Amino acid sequence: MKVNIGVSNRHVHLTYDDYKTLFGKEKFDKVKKLVQTGEYATSLKVSIKTSKSTINNVRVLGPFRSYTQVEISKTDSYQLGINPPIRNSGDIEDSAEICIIGPNGTLQKKCCIIATRHIHINPETREKLGLLDKKYVNVRLGNEKKAILENVYIKETPNGVFEMHIDTDDANANFVKTGDVGEILF
C-alpha cells in the first residue's frame, strides 16, 4: 500500500491570544495551502530561543489552535540545547520549555516537541484501506538509502488527507523529499 510523504520542517502553531501577544494587530497572509484540509503556512515568522541558542525565521502555521506548540527536529534540539519529548501533535504535557519571540512580544512556554511520525487519514479511507485495527504501521521509504520506519502513528481526523508526515531528520537520513512515496507494511 503506497502513501505520499510530506516532510515537515520546524514550525509553530499558536492560539489566537498568543498570536496577539507575539504580533499585536499585525495581519498575515496565507502564503501556501498545506495538504491537510484547512491548514496553511502563514507569512508570519518567529524566533525560538533557549539559553544556549536561537533559531530565527520559524514559520507559523494556521489556523489558530486551542494550544500553542513548537515542533522541531532532534538536530534542532541539539542546537537549542534542549531535549523535547517525541509526541503526537497537541500532546504538550511535560514538553520542553522554549521562548517564542515575535515582533511585538515574547512567550516562555513548555510547548516544544519532536512530532511523532504519523499518517493522516480520515475514517472512510482508513476503513477502505483496511487500517481500522491498526494504531501503528511500519513504512518503507527512500531510494538510494532505503529504510523501514517503525511505529508510524495512524492519525485519524474527520477531514484527514491520506499522507505520511516525517521531520527533516528522517527525510535527510533517507534522501526523501515531499511528494515521494512510501510503502505501508503490515
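Reader: Okay, strands here are DSSP runs of E, at least two residues long, numbered from the N terminus. Where is M164 found, then?

Author: M164 is in strand β13. Keep in mind that this is a predicted model.

Reader: Switching to cores. How many residues does the largest nonpolar core have?

Author: There are 22, and I48, V70 and I98 have the most contacts inside this core. At least two residues each come from α1, β4, β5, β8 and β9. β9 gives the largest share, four residues.

Reader: You mentioned α1. Which of its residues are buried?

Author: Helix α1 spans residues 16–23, and D18, Y19, L22 and F23 are buried there. Looking down the axis of α1, those buried residues fall within an arc of 110°, so they line one face of the helix.

Reader: What covers the buried residues of α1?

Author: The cover includes β4 (40–49), β5 (54–62), β8 (96–101) and β9 (106–115). Just past the end of α1, G24 has a positive phi of about 60°.

Reader: Pockets next. What volume does the largest pocket have?

Author: About 850 Å³. Its lining takes in 39 residues, and S8, H11, L34, L61 and H165 lie nearest the centre.

Reader: Which elements give two or more residues to that lining?

Author: β1 (2–8), β2 (11–13), β3 (30–33), β5, β9, β10 (118–121) and β13 (163–167). β13, the strand that holds M164, supplies the largest share, four residues.

Reader: And how does the lining of the largest pocket split by class?

Author: You get nine nonpolar, 18 polar and 12 charged residues.

Reader: How many cavities of 30 Å³ or more does a search of the whole structure find?

Author: One. The largest cavity holds about 50 Å³ of space. Lining it are L14, Y19, F28, Y40, T42, L44, V60, L61, G62, P63 and F64. The elements giving two or more of those residues are β4 and β5.

Reader: What classes do the lining residues of the largest cavity divide into?

Author: Nine are nonpolar and two are polar, with no charged ones. Y19 of this lining is also one of the buried residues of α1, and L61 is one of those nearest the centre of the largest pocket.

Reader: Last one: where is D91 found?

Author: D91 is in the loop between β7 (86–87) and β8. With 35% relative accessibility, D91 counts as partly exposed.

Reader: What does D91 touch, not counting residues up to four places away in sequence?

Author: Q69 and I113. Q69 is 22 residues from D91 along the chain, with their C-alpha atoms 9.0 Å apart.

Methods
Residues numbered from 1 in each chain as written. Predicted model: local features only at pLDDT ≥ 70, side-chain atom pairs only at ≥ 80, totals over all residues. Heavy atoms only, no water. Buried < 20%, exposed > 50% of the residue type's maximum accessible area, 1.4 Å probe, protein only. Arc of directions from axis to C-beta. Contact = heavy atoms within 4.5 Å. Core = buried A, V, L, I, M, F, W, Y, C linked by side-chain atoms within 4.5 Å. 1 Å grid on protein atoms, 1.4 Å probe; cavity = no way out; pocket = protein on both sides within 12 Å on 5 of 7 lines; lining within 4 Å. Points joined across faces, edges and corners; volume = space filled by probe spheres on them. Nonpolar A, V, L, I, M, F, W, Y, C, P; charged D, E, K, R; others polar.
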